[in-house]
Each structure stands twice: as C-alpha cells, then as structure tokens.
Amino acid sequence: MAGTAIRGRLTWQTATVGVVTDETPSVRTIELQVPDWAGHRAGQHLDVRLTAEDGYTAERSYSIASAPGEPVMITVERLDDGEVSPYLTEELRAGDEIEIRGPIGGYFVWDAADPAPVLLVAGGSGVVPFRSMLRHRERTGASAPVRLLYSARSLPDVIYRTELDKEPDGVEVIYTLTRQQPPDWTGHSGRVNAALLAEVAWPEDQQPASYVCGPTPFVEAVANGLVSLGYPAGQVRTERYGGAGGTS
Amino acid sequence: MMLAMSPVSRGFHGRHREPAADASRIPPGQYATTDFPVLSAGPTPRTPLEKWSFSLRQAGETLRTWSWEEVQDLPAEDVTADIHCVTRWSKLDTRWRAVSIDTLLAQVDHQARFVLAFCDGGYTTNLPLADVTGGQGWLAYSYDGAPLQPEHGGPARLLVPHLYFWKSAKWVRGLDLLAADEPGFWERYGYNNYGDPWREQRYAGD
Amino acid sequence: MTAHEGTASADAALDSSALDGNAIGGLLLEIFGTEMTTALATCATCGSTGQVAQTVVYLQSPGAIMRCRVCGAVLVVVVRREETNCVDLLGLAALEPAPA
C-alpha cells in the first residue's frame, strides 16, 4: 500500500506565480514555483493565503491541477461574488508571490499502481483534481480503465476540453451539459441522474474506485446515486467545493 | 494597527469594503460592507411557521409560549441598526421589523439576571438581562422589508446590535431566564462572554 | 434546550455551504503535524466512526466546525485567535490518524 503522506512543509511558504493560462472566460490555471515543494499525489490540494496591506487575510483551498512530477498548478474558477477568486483569475500575474500550504490530503487521491477501474464524476470546477489523476495515469503508463463523467453548464464552460477530448487509451470522457447545448449536440443534457450514472458507472462487482467532486449539492446527489447502484458508501470518495452563496 | 506577519499580496484588497461615510460608526478592527455575509455553524434549519413557537423558560418550566400568529399580533417596531460581526465586517443601517424583548418579558414573572437564547439546530448564546432589555434587544422577523430568510436566521432571530452579532442568535426559539450566567456555543469555544465591539471583546480574556 | 435537527446528511445536502473534512485538511495538518483527512473519527454522541474527510465541515463561521455526518453533533471546533489555533476536540470519543 502506497504511503499516505508526502512530508512537506507543515505550514505556509511563499510561492512565486509562473505562467497563467486562461482555460475558459472565467477559469484560469496558475503555475506556482514553490521552493520547498516535496511533491504531491494526484487528487491532493493546497491552501492559498492572501494578505492585504492592512493585514486582512483570506484563505482558500484549491485542487492541484498538475500531475505528480509536473510543476505545481492550480485551476481557479472566478465566482462573481467571490473575494479571492476574482483576484486570482484577474489580478494575479507572473512574478507575484502568494502563500501556500500543502500538499494536503490522503483520502481523495489516486495512485497509478491501483489496477481497479476508475469512475470520476465532476461537477463544474470539480474536474480539477481529476485532471491531475488523468495526467498522472498518462505519465506513468498506468492501464486502469477510467471513465470521467463531467457535468458542465455549457460547452464553453468545459475546462481542459482540448486535453480531455484526446481520450488516451482506456480513458472515456462523457460530458453532460446542464444549461445550454450547441445546436448539433449529440451528447447528454441535463443534470447527472440515476439513469446516466447507471449507464456510465462500472459494475459494482469490478470493485471500481470512484471519486465525486464539485459543489456540495452535486456531490450529495451523485454519491447517493452511486450508493443506490450498489457501490459501498465507504468506497465512494467525495470532495465538496464551496460555491454560490459562499465567500470564494 | 496590526502588523502583517505575512508577505503582502500585491493588489489584493479583500471583500468589497466601503469607506464608511462616518468612520466613528465602525468599531476598532472592523470594516464596512454592503454585503450581508451568511455565517453558520451547522445546517440551516427550516422550521415551518405552523410548527414554530417562541418560549420563555425559567427553572425548567415554560412560563409562556407564543405561536407565530401570536408574535405577529404583538406590537412591533421598525428598528434601524448598525451590526458588527466578530469576523470583522460591519453593516450600517440595517432595517428590521421586530418585537422588543421588553414586550415579551413584561408578560411573565421572572427573577432572571441572565438569559440563554436557544435555537433550532442547537445554537445558544448568553447575555446579561440588562443587555436584552431597556430597548436594546428584539425578536426580529423581517429584514429590509421582507420576511427574514432562513440563511439569515428566519423565521425569527434575536437582534441585539450593540454586541457582536453572534449574540443575535439565528433561528431563536426562546430564552432561558437564569439567575447565574451560563456560556453559550461560541462562548464555550473561546469567544468573549460579553462581546462589546467598541472594546473589541472578541475572544475570551479580551 | 430545544434542538430541531433532521438527519445530518439530509440537512447538509440542502446547504451549499456544507463542506467536508477535506476542506480543513490544511488546518489539521498544521495542528496535528500529519495528514488527517484519512484519520478515523469516532463521534462521542452517537458512536459512529468514519474518516475525517467524510465529516461535515462549516467554514463560513467565527470558527471551523466539524460535525458528525450521521447525527449532526459537533465533533471539533477550531477558533483562530491571531496566530494561535484553539482546538476543541470534546465532541470526539476518538481520533486516530491512519497508519503511515
């Protein structure tokens, strides 16, 4: 069984912003140069702390978008009423310094050595940790079959679309667009429901590893749906993001 | 003036902060906001009005209970108040429709020196009787001209604006009338027992 | 004291502000000096045991609150006071980090 923890710094360290890449009109990927980065596992996250001139601080958590071995990257979605995300997606630029803490997490992680079929269910920006997992799979040549069910508002809202559409061997990506579909759309529409889960989920007797990430109501609905399909509750790994009404 | 222990993040200003027209209305360490942030320690209760009631209790006995309709029939006031949250935001000129705690207490015989507000979801907070009476405390059921929404404490919350807003208990269902003080939820977890924003009494021992 | 609590999970599903133990992984890493999202937490109120990652966490608050997903009872409260974390673990009957 792989080790649970990468022993990095336990507390805040200063990172320098490298390349920033706009993924969609409201989503940006930020590369970070972290001097004492001990490496990370696919699915882990880091915490960001910003400090204003008067000492006011704000902290948020972001999933790491890059695979182990790649430079540290986070992907941030700008929330209209947010406090931190507008700053990270619009103001922050290469050369700026921010404080980070991490890597964090031993629960919502996937190791390339795990042979079990993988089901990844993403709601919106919940796809970020799965991109780390998919890149890790590709970099290590792992062969576990993966299905990513990705729920997004519309096609322009799909993050990493070019990369996901490549669908390397053994990886299937299934989109469902909840608010708006292109005129020639032949994929799924509407929210993830029991029927779509039943279609996409690996049979329970294959003992799949399943991960669900996104806003809390999405995660609750999907996790309950998977349990209804027979997945043992303890084996459905969940990571909930704060969203609208929050203070991100 | 707080020294920043961490490197300053260039260009970061934090939540929309308004320069207050009258800085003397902003207690030390606070900033004015036009938002109304929602803070919560647990799931939002959603008690239907037909199940809701407000009670005054003393020594294990319920002295008086009001149903929702009975509360609506009580004389109410329009209250405009500045509110101050211990998480540092202040919101000026908030408008409420509320029944004075004096009105409710006048209907019972009590020997209280302190109250402990109890709420749906299990939240509690304590106050000296002197701080919820004399026109300083209300049972508020309307905010900004509309029924108080669940995320802001509806159907009704305590409103005691001269203290930090954690004392204005959301989803309040009554007051325990006590002879001796008893700490409530945040008071037990390290916040100040009294909570005067003008003396910056945020934490225990401040 | 009147408590009107439904099943904790059902209530959490209605609340987009309810997160899970992953959200305080960094804070717990700092407090305990080790990864804690896989730690097993036993609720002192109902006795159920689960991973910290599966607890219900509220962060939009004067403090960080971890609640039992089964019964809703408060397990852990962390109040940050300047540079110090005040940690209350009395809602837990046990907290056991996963073996390294």
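Which residues touch the most other members of the largest nonpolar core? In this predicted model, they are A:Leu120, B:Leu139 and C:Val57, out of 136 residues in that core.

In soluble globular proteins, nonpolar side chains tend to be buried together.

The surroundings of C:Val57 can be listed beyond its neighbours within four places in sequence. C:Val57 is in contact with C:Leu19, C:Asp20, C:Gly21, C:Ala23 and C:Ile24, and also with C:Ala64, C:Ile65 and C:Met66.

## Contact between chains B and C

Chain C gives 25 residues to the contact and chain B gives 24 residues. On the side of chain C that touches chain B, two or more residues come from each of helix 1 (8-14), strand 5 (64-67), strand 6 and strand 7 (84-88) of chain C. By residue class, this side of chain C comprises 11 nonpolar, seven polar and seven charged residues.

## The open sheet of chain B

In chain B, five strands in the order 3-2-11-6-7 make up an open sheet with mixed pairing. Strand 3 (61-67) and strand 7 (124-128) of chain B each have a single partner strand and stand at the edges, so one side of each has no neighbour in the sheet. On average, neighbouring strands of this sheet are turned by 20 degrees against each other, direction ignored.

Within chain B, strand 2 (residues 53-58) and strand 11 (residues 172-178) run parallel and are joined by four bridges. B:Gln58 lies opposite B:Leu177 of strand 11 of chain B.

Key: Residues are numbered from 1 along each chain as its sequence is written. Chains are lettered from A and ligands numbered from 1 in the order in which they are written. This is a predicted model: local features need pLDDT of at least 70, side-chain atom pairs count only at pLDDT 80 or more; totals for chains, interfaces and linings use all residues. A nonpolar core is a set of buried Ala, Val, Leu, Ile, Met, Phe, Trp, Tyr and Cys residues joined through C-beta atoms within 7 Å. A residue is buried if 20 or more other C-beta atoms lie within 10 Å of its own, exposed if 12 or fewer, and partly exposed in between; C-beta atoms are placed from the backbone. Two residues are in contact if their C-beta atoms, placed from the backbone, lie within 7 Å. Ala, Val, Leu, Ile, Met, Phe, Trp, Tyr, Cys and Pro count as nonpolar, Asp, Glu, Lys and Arg as charged, and the others, Gly among them, as polar. Two strands pair if DSSP finds at least two bridges between them. Axes are lines fitted to C-alpha atoms, for helices over the stretch in contact, and angles run from 0 to 180 degrees between N-to-C directions.
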